Amino acid sequence: MSLITSSNRRAVLTGLAGALAGCAPTPAVLPTTGFAPRRIAPILMTPERIIRITVCTRPFRPTGPRLNVEAVGETKVVHNYGHGGSGWSLSWGSSAIAARKAMALAGLAGGPPVVAVIGSGALGLTSALQLQRMGARVTIYARERAAFTRSMRATGSWTPDSRIADADRVAADFPALWEQMARETYATHQTYLGTEGDPVVFSDRYMLSGAADLPRTVEPPPILTAPGIKPIRFAEYRLDGLAPRSIPLPASASPFPVGETRMVSAMQFNVAELAHRLETEFSSQGGRIETRAFNTPTDLTALPEKIVVNCTGYGAKALFEDKEMIPVRGQIAWLAPQPEANYGLHFRGVTVLSRPDGIVVQATRNDMNGVGIDDETPDRAEANATIGLVAPLFPSIRRLPTG
């Protein structure tokens, strides 16, 4: 595993980071003999097809996710939050670490392990399941069910180093810890491949550049950063030998009217189905979910469980007065689903990803965009401009022959 840093992390957000960073020099032609160009369906890229606009506040902590143990009266709290834009992508590995700590505390207390999990997003559900798999009896307490959490507003790509930490502030052992979380999560997500509902799949992604002939009819949305926020050198990592590598497509094999095209197969989450699957698994193993809000750490002491795993994400900033946490605003414009358009792309600083619940269109061209901003009000002008940047691609998609 190696560290890379740069001011532009768009490859990460399109699921290409590990693939591109790990590439050896590649030939100008496809290495696979007999490669047949793929026909792809054009996406109907127009603001009139917007079905919703969602805004998510990512819980970024410069030193990385919080995974320590804290005492609140007689209650022991194991923290598992602060994963920036990598919640789903690090969920299983991070939750395994938190679960092992909780089980060790339960062993010291004696008796059967009984643990509470706070929060029902990606980290809450995977923490609860990891605890069950280790033999604990678990109850999830949450203000809202999974379908209404910030985790459901995620892009849906496996992006394990998306705003995960500040490269200048992480501890020396953090890269190894990150790799442990990333590899375990990647492996566990793959156990859902090919299962009913396709909660996890691999899809083709295209990274496009060199489109001087395509018209630019709109200006990119402005980069917004909260006043007083210093530039952050976001840490980027790659996992050697894990994810598929990207390959260059010759012009004759690219369906897009651009100068350069790279393609890779990348892991993708059907977030709605995945969350539903995890909730169902948790309940089938005797787990309970109870609606409850917590306003101060002391509120946790009222729970019958004296070991608690805290998976409240951005909510932990207020609940535990985490002054280190920095909000990072991110917006997605969702277009009506097109099942026939089963691919993703990155072009002009915009990420597009087809999911069963809609087409993701997200401006991802600058890491500092949204840093320090916790306003979750949808911005229609931003959505329209983002769609307009990539719309010229689709009327010109080439109808490639297949052979």
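At 41% relative accessibility, Asp198 is partly exposed, a class that lies between buried (under 20% relative accessible area) and exposed (over 50%), using a 1.4 Å probe and protein chains only. The model is predicted, so local features need pLDDT of at least 70 and side-chain atom pairs count only at pLDDT 80 or more, while totals for chains, interfaces and linings use all residues. Residues are numbered from 1 along each chain as its sequence is written, and side-chain values use heavy atoms, with hydrogens and water left out.

Asp198 sits in the loop between helix 5 (174–189) and strand 7 (200–209). Helices (H or I, at least four residues) and strands (E, at least two) are DSSP runs, numbered from the N terminus. The phi angle of Asp198 is near 50°, which is positive although the residue is not glycine. Most residues other than glycine have a negative phi.

## Glu321, another positive phi

Glu321 also has a phi near 50°, again a positive value in a residue other than glycine. Glu321 is found in the loop between helix 7 (316–319) and strand 13 (326–335). With a relative accessible area of 58%, Glu321 is exposed.

## Glu382 in helix 8

Glu382 belongs to helix 8, which covers residues 380–390. Its relative accessible area is 13%, so Glu382 counts as buried.

Contact here means heavy atoms within 4.5 Å. When neighbours within four places in sequence are left aside, Glu382 is in contact with Pro221, Arg329 and Gln331. Of the loops and strands named above, strand 13 spans residues 326–335.

## Cysteines

Cys56 has 14% relative accessibility and counts as buried. Cys311 is buried too, with a relative accessible area of 7%.

A disulfide is a pair of cysteine sulfur atoms within 2.5 Å. By this rule the model has zero disulfides.

## The protein as a whole

The protein has eight helices and 16 strands. Of its 403 residues, 55% count as buried. Among contacts between residues at least 6 apart in sequence, 83% join residues at least 24 apart.

The accessible surface of the protein is about 16,400 Å², and 54% of this belongs to carbon and sulfur atoms. Accessible areas come from the Shrake-Rupley method with a 1.4 Å probe; for residues, only the protein chains shown count as cover.
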